[in-house]
Amino acid sequence: MTGSVIDAVDVAVAVGGREILRGVSVSVAPGEVLGLIGPNGAGKTSLMRMAGAQEFPTTGSVTIVGERMGRVDLREIRTAVGMASSALAHRVPDAERVADIVISAGHDVLGRWREPYDDVDRERAVTILEQVGAYHLADRDWGTLSEGERKRVLIARALMTDPELLLLDEPGAGLDLGGREDLVVLLSELAEDPDAPAIVMVTHHVEEIPPGFTHALLLDEGECVAQGLIDDVMTAENLTRTYHQPISLTRQDGRYFARRARRGGTHRG
């Protein structure tokens with residue numbers, strides 16, 4: 001598509017008289033891969049829910065895949081957006097077969113029921129499971145999967161409909177070191193795939209941002225601290241402002257690593 005897959009202008013969200021987001025504007029172009037980073041309560045979830053056409057802004061405008069929220073049926077927008085989140089993971093029955101979890105995304109349901117599927121659907125599901133390294137799980141039940149395996153299956157489901165926008169809400173949450181590193185490799189491959197959709201990933205940890213991500217957005221207390229090209233945004237100074245403590249940042253092999261800076265130490269971008 002031409003134009004932006006996300007175009008949010010001067011967005012604010014208020015809940016119970018409390019502002020969750022204030023004056024946030026963000027644009028994501030096709031092919032961009034953006035890391036959305038910030039502390040708890042920064043407003044990341046609200047921004048992702050709007051990007052997924054699940055929540056309206058209190059003020060401001062949000063256009064997703066060329067459609068303005070409030071002017072079209074939200075279901076029309078959601079068909080072009082793939083999302084993997086812990087909220088979805090909690091809704092999957094333990095006895096659900098992995099292949100059915102993936103293929104049923106085309107009907108926006110969880111698992112097979114009476115929906116019709118043809119050879120194209122089945123071939124697409126196989127291709128996606130292979131792409132994310134989860135084909136060997138196709139006949140397994142959801143309840144038997146490790147946390148890392150579940151992340152891969154949910155990403156496969158999110159890709160099943162060939163979306164224009166892929167939203168990943170804390171995909172590294174709950175993973176051990178090995179699982180996290182496997183996930184980083186997978187997401188790096190997606191980020192560098194020219195046929196992949198635009199991607200927005202929420203994370204609390206800069207170490208989870210894979211090589212190949214092009215842009216970043218730092219949020220704190222409902223406001224944008226910095227956004228733009230990832231090398232310009234991911235600096236010790238910006239992270240120090242975002243987390244309200246001195247942060248030291250290093251980069252190695254295309255990965256960022258952050259820690260609290262020692263007193264009297266220097267910040268490195």
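**Close-up 1. Asp176 caps the N-terminal end of helix α7.** In this predicted model, a side-chain oxygen of Asp176 lies 3.3 Å from the backbone nitrogen of Gly178. Helices (H or I, at least four residues) and strands (E, at least two) are DSSP runs, numbered from the N terminus.

**Close-up 2. Buried residues of α7 and their cover.** Gly179, Leu183, Val184, Leu186, Leu187, Ser188, Leu190 and Ala191 are buried (under 20% relative accessible area, 1.4 Å probe, protein chains only). The cover over them includes the helices α5 (119-131) and α6 (147-159), together with β3 (33-37), β7 (165-169), β8 (198-203) and β12 (255-260).

**Close-up 3. Packing of α6 against α7.** The two helices, α6 and α7, pack at about 20°, with axes 11 Å apart; axes are lines fitted to C-alpha atoms over the stretch in contact, and angles run from 0 to 180 degrees between N-to-C directions. They are therefore roughly parallel (angles under 35 degrees). The contact (heavy atoms within 4.5 Å) involves Arg152, Ile155 and Leu159 of α6 and Asp182, Leu183, Leu186, Leu187 and Leu190 of α7.

Close-up 4. Ile6 is buried, at 6% relative accessible area. Among the residues that Ile6 touches, leaving aside those up to four places away in sequence, are Val26, Val28, Ala51, Ile64, Leu165 and Val200. Thr63 is 57 residues from Ile6 along the chain, with their C-alpha atoms separated by 5.9 Å.

Residues are numbered from 1 along each chain as its sequence is written, and side-chain values use heavy atoms, with hydrogens and water left out. In this predicted model, local features need pLDDT of at least 70 and side-chain atom pairs count only at pLDDT 80 or more, while totals for chains, interfaces and linings use all residues.

Key: Buried means under 20% relative accessible area, exposed over 50%, partly exposed in between (1.4 Å probe, protein chains only). A polar contact is a pair of N or O atoms within 3.5 Å; within protein, one must be able to donate a hydrogen and the other to accept it, and residues adjacent in sequence count only if both atoms are side-chain atoms. Angles under 35 degrees count as roughly parallel, over 145 as roughly antiparallel, 65 to 115 as roughly perpendicular and the rest as oblique.
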